[in-house]
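Here is a short briefing on cores and pockets. Look over the model first, then read on.

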Amino acid sequence: MTYDIIIIGGGASGMSAAITFGSAKSKFDWAADKNILVIDSGKSDVNSASFWNAPGIFFGKNGKELMQDMHNQLDQYKLIEKVQDFVEELDKDDDLFVVKTDKETYKGKTVILATGLQKFNIKTSLIDASVHDKIARKGKVKLENKNGIVSENLYVCGAAAGHQTMFAIASGDGVRAACEVLSDWGGNFFVPHDNAFK
Ligand SMILES: Cc1cc2nc3c(=O)[nH]c(=O)nc-3n(C[C@H](O)[C@H](O)[C@H](O)COP(=O)(O)OP(=O)(O)OC[C@H]3O[C@@H](n4cnc5c(N)ncnc54)[C@H](O)[C@@H]3O)c2cc1C
């Protein structure tokens with residue numbers, strides 16, 4: 001099967017993008033038949049944090065619980081496929097992206113990279129990785145992009161896009177990336193909480 005969207009990374013930004021797609025798929029005919037896959041190796045920074053300052057999240061929320069909440073929320077839609085896998089290579093074959101994991105090869109029309117800032121360990125010539133310049137700690141990465149776009153149909157969001165590493169920024173940026181794609185599908189400046197085409 002060829003996926004319409006492959007999200008690589010299922011932390012704060014990747015899950016937020018997926019939840020946004022799930023909400024649109026459950027609501028709009030033009031989004032309903034889109035095939036969406038999240039591939040995640042399970043190493044989100046959310047898992048090692050406690051959250052005391054994330055808007056709307058109760059003081060001291062345990063990160064593993066927050067991660068589980070996001071999975072439960074996404075599972076409500078039953079419309080998005082998730083696999084726990086490590087992406088090793090990303091390539092392009094004509095118009096399709098080819099995503100190779102340690103177990104499978106997937107093809108997708110659009111890829112959203114939500115791989116965080118710890119490491120970029122995907123073999124690819126499609127993206128340039130550089131040092132994350134907003135973080136003092138060494139060894140953190142940023143993927144080169146312009147307003148979240150790397151190249152046609154290749155997006156990056158969250159900490160990997162070079163933003164400040166706060167949960168709300170990463171999750172908001174995942175939602176933004178999903179809204180960009182939904183705007184391409186649905187037309188104009190689309191947001192899934194209403195159907196106000198302008
Ligand atoms: C100890 C700690 C405490 C923190 N405390 C706070 C806080 O109090 N408040 C706050 O707002 N923020 C806090 N943060 C920051 C917050 O957790 C991050 O900003 C947020 O997780 C970034 O989201 P992200 O989606 O960009 O990356 P992540 O959540 O890290 O997700 C990246 C995902 O990509 C996956 N991935 C990477 N490469 C591959 C690959 N090749 N194949 C498949 N999957 C891949 C990883 O497994 C991971 O699941 C804290 C972070 C840490 C580490």
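How much space lies in the largest pocket? In this predicted model, the largest pocket holds about 820 Å³ of space.

**Largest pocket**
- The lining counts 37 residues, and Lys 43, Ser 44, Asp 45, Gly 116 and Leu 117 are the closest to the pocket's centre.
- Two or more lining residues come from each of α1, β2, β3 (50-51) and α4.
- By class, this lining has 16 nonpolar, 15 polar and six charged residues.

**Second largest pocket**
- Its volume is about 170 Å³.
- Among the residues lining this pocket are Met 15, Asp 40, Ser 44, His 71, Lys 82 and Gln 84.
- At least two lining residues come from each of β2, α3 and β5 (81-84).
- The top contributor is β5, which gives three residues.
- The lining divides into four nonpolar, six polar and two charged residues.

**Nonpolar cores**
- The largest nonpolar core has 33 residues, and Ile 7, Phe 21, Ile 112 and Phe 167 make the most contacts inside it.
- Elements giving two or more residues to this core are β1 (2-8), α1 (12-25), β2 (36-40), α3 (63-77) and α4 (167-186).
- The most comes from α1, with seven residues.
- Setting aside neighbours within four places in sequence, Phe 21 contacts Ile 5, Ile 7, Ile 36, Ile 80, Ile 112, Ala 178, Val 181, Leu 182 and Trp 185.
- A second, separate core has 21 residues, including Ile 8, Leu 90, Tyr 106 and Ile 122.

Note on methods: Residues are numbered from 1 along each chain as its sequence is written. This is a predicted model: local features need pLDDT of at least 70, side-chain atom pairs count only at pLDDT 80 or more; totals for chains, interfaces and linings use all residues. Side-chain values use heavy atoms; hydrogens and water are left out. A nonpolar core is a set of buried Ala, Val, Leu, Ile, Met, Phe, Trp, Tyr and Cys residues joined through side-chain atoms within 4.5 Å. Buried means under 20% relative accessible area, exposed over 50%, partly exposed in between (1.4 Å probe, protein chains only). Helices (H or I, at least four residues) and strands (E, at least two) are DSSP runs, numbered from the N terminus. Contact means heavy atoms within 4.5 Å. On a 1 Å grid over the protein atoms alone, a cavity is a set of points where a 1.4 Å probe fits but cannot get out, and a pocket is an open set with protein on both sides within 12 Å along at least five of seven lines; lining residues have an atom within 4 Å of a point. Grid points are joined across faces, edges and corners, and a volume is the space filled by probe spheres set on the points. Ala, Val, Leu, Ile, Met, Phe, Trp, Tyr, Cys and Pro count as nonpolar, Asp, Glu, Lys and Arg as charged, and the others, Gly among them, as polar.
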